[in-house]
Amino acid sequence: MVKNLALLLFICIGFQAFSQKRCNNEQYTKQQLEADPSLRSSMDEIELFTERSISSSTETQQRIYPLSGVIQVPVVIHILYHTPDQNLQMEAIDRLINALNRDFNKRNADTVNIPAAFKPYATSMGFEFKLATQDPAGRITSGIVRKYTPIKYWMSDDKMKFNASYGDDAWDSKSYLNIWLCNMQDVLGYSTLPGMDPQKDGVVISFEDIMNLKGTSPLFNDFRTLVHEVGHWVNLYHIWGDGYCGDDRVDDTPKQSTYTPGCPSGTRISCGANNTGDMYMNFMDFTDDVCMNMFTTGQRKRARALFDAGGKRRSILYSKGLNISIVPGAETPDFYPKWLFAQVYPNPATTAINVYFDYDERWIGQELKIIDMSGKLVINMTVNSRIQRIDLSRLKAGVYFIYAKKEEELIRAKFVKL
């Protein structure tokens, strides 16, 4: 009996860890509501609008914009890299965008695996995602922001969304879908829901899901964490409704007891008798990438209601993000910090050097040492400025080494005193 209880506990803990790893939107949404209770009324209003839009028999006539066609969404991708390999090249970005357009338009080849019972419900969502060609200031852009960050790992607390915490500020969320790519520690991805703080609005995806940094497991290999999270961005909930046999607010997705890990097959019934079983192959479940393959007509109606007249994401339809601009883009930085080496100027030097910590002010207050060729400590000081000036007048001519350590991060540099 004790052994069985231990096994059950192990399974439950494993399922919980899995759910946090794939997507933690339930927990994230709860935290946002606790931090700002006023969000509840905003989200309730959006839900009421969505229900009315779906049920209205005259909604087509009421639309100002013909939503029967494809909805174009300008995308900006914020790449927050700490090491050179994380600074994803254009080929990887193209694959991400292509994956979104593939799955949101039912162009994925694995639709052949949709069970016969669910084929009548599978549909294209009718969205086209494009990298922005014009930034909020009206300048030419690639739709990609590449930014070095001194932060090695991020948590799902939105700090990556702000310059002040070494992330990158969102572009106007009324006109762009913001996607942050960074090295997440607690989850593969998460997203805001419509009605949340516009400065945080968008999707966060871990490099682990894109680059498979921690092994060769095929579980997360087809960018469907991104598809899943953008599903949240267009107001879709988890297929099980984030509760035991809960409500995902979609009428053509069968009730399901909880998320589905792994890659199941056959009919699985978890919430009483029905003719179809669980729709575990839906993009809003937690099955492995290779086993996700469909959105439903009901999910399409729900997502596109956001873009109806009066809908929360209506402004995306009038975004200038895909316009052709003739204004030159913003200049990029001349250099990024060299990993494990501080920026030192001038070098060689005669009287003084400057060590640049402006990329990470957290170095202020840390100990800095200068060691000569024999290993002798010649200067020991505390960093007190973003650009630390060091007087070399007492040093003899020769080669010296700079050494500083902060938590697990180490920087070293070499300079020559003339």
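A: Begin with burial: a residue is buried if its relative accessible area is under 20%, exposed if over 50%, and partly exposed in between (1.4 Å probe, protein chains only). By this rule Cys23 counts as buried, because its relative accessibility is 3%. Cys182 is also buried, with a relative accessible area of 0%. Please note that this is a predicted model, in which local features need pLDDT of at least 70 and side-chain atom pairs count only at pLDDT 80 or more, while totals for chains, interfaces and linings use all residues. Residues are numbered from 1 along each chain as its sequence is written, and side-chain values use heavy atoms, with hydrogens and water left out.

Q: How many helices and strands are there in the protein chain?

A: Helices (H or I, at least four residues) and strands (E, at least two) are DSSP runs, numbered from the N terminus. The protein chain has eight helices and 13 strands. Of its 418 residues, 50% are buried. A contact means heavy atoms within 4.5 Å. Among the contacts in the protein chain with a separation of 6 or more, 68% are between residues 24 or more positions apart.

Q: Which residues of helix H2 are buried?

A: A general idea comes first. An α-helix has 3.6 residues a turn, so residues three or four places apart point the same way. In helix H2 (residues 25-35), the buried residues are Asn25, Tyr28, Thr29, Gln32 and Leu33. They lie on the same side of H2, because they cover an arc of only 135° around the axis; the arc is that of the directions from the helix axis to the C-beta atoms. Lys30, Glu34 and Ala35 are exposed, on the face of H2 turned away from its buried side.

Q: What do the buried residues of H2 pack against?

A: They pack against helix H3 (38-55), strand S5 (189-191) and helix H7 (224-233). In the pairing with H3, Thr29, Gln32 and Leu33 of H2 meet Leu39, Arg40 and Met43.

Q: At what angle do the axes of H5 and H7 cross?

A: The axes of helix H5 (residues 90-104) and H7 cross at roughly 60° and come within 9 Å. H5 and H7 are therefore oblique to each other. The crossing of H5 past H7 is right-handed; a crossing is left-handed if the near helix is turned anticlockwise from the far one by less than a right angle, and right-handed if clockwise. The residues of H5 that meet H7 include Leu96, Leu100 and Phe104, and their partners in H7 include Leu226, Val227 and Val230.

Q: Why is H7 largely enclosed by the rest of the structure?

A: H7 is largely enclosed because 10 of its 10 residues are buried. Among them are Arg224, His228 and Trp233. After H7 comes Asn235, whose phi is positive, near 80°.

Q: How many disulfides are there?

A: A disulfide is a pair of cysteine sulfur atoms within 2.5 Å. By this rule there are two disulfides. One joins Cys245 to Cys271, with an S to S distance of 1.9 Å. Both Cys245 and Cys271 lie in the loop between H7 and helix H8 (297-305), so the pair ties together parts that are 26 residues apart in sequence. The torsion about their S-S bond is about -100°, so this disulfide is left-handed. Cys245 and Cys271 are both buried.

Q: How far apart are the sulfur atoms of Cys263 and Cys291?

A: The sulfur atoms of Cys263 and Cys291 are 1.5 Å apart, and the two residues form a disulfide. This link is left-handed, with -75° about the S-S bond. Cys263 is partly exposed, at 44% relative accessibility, whereas Cys291 is buried, at 10%. With the bonded cysteines of the protein chain numbered in sequence order, the pairing is 1-3, 2-4.

Conventions
Axes fitted to C-alpha atoms, helices over the stretch in contact; angles between N-to-C directions. Parallel < 35°, antiparallel > 145°, perpendicular 65-115°, else oblique.
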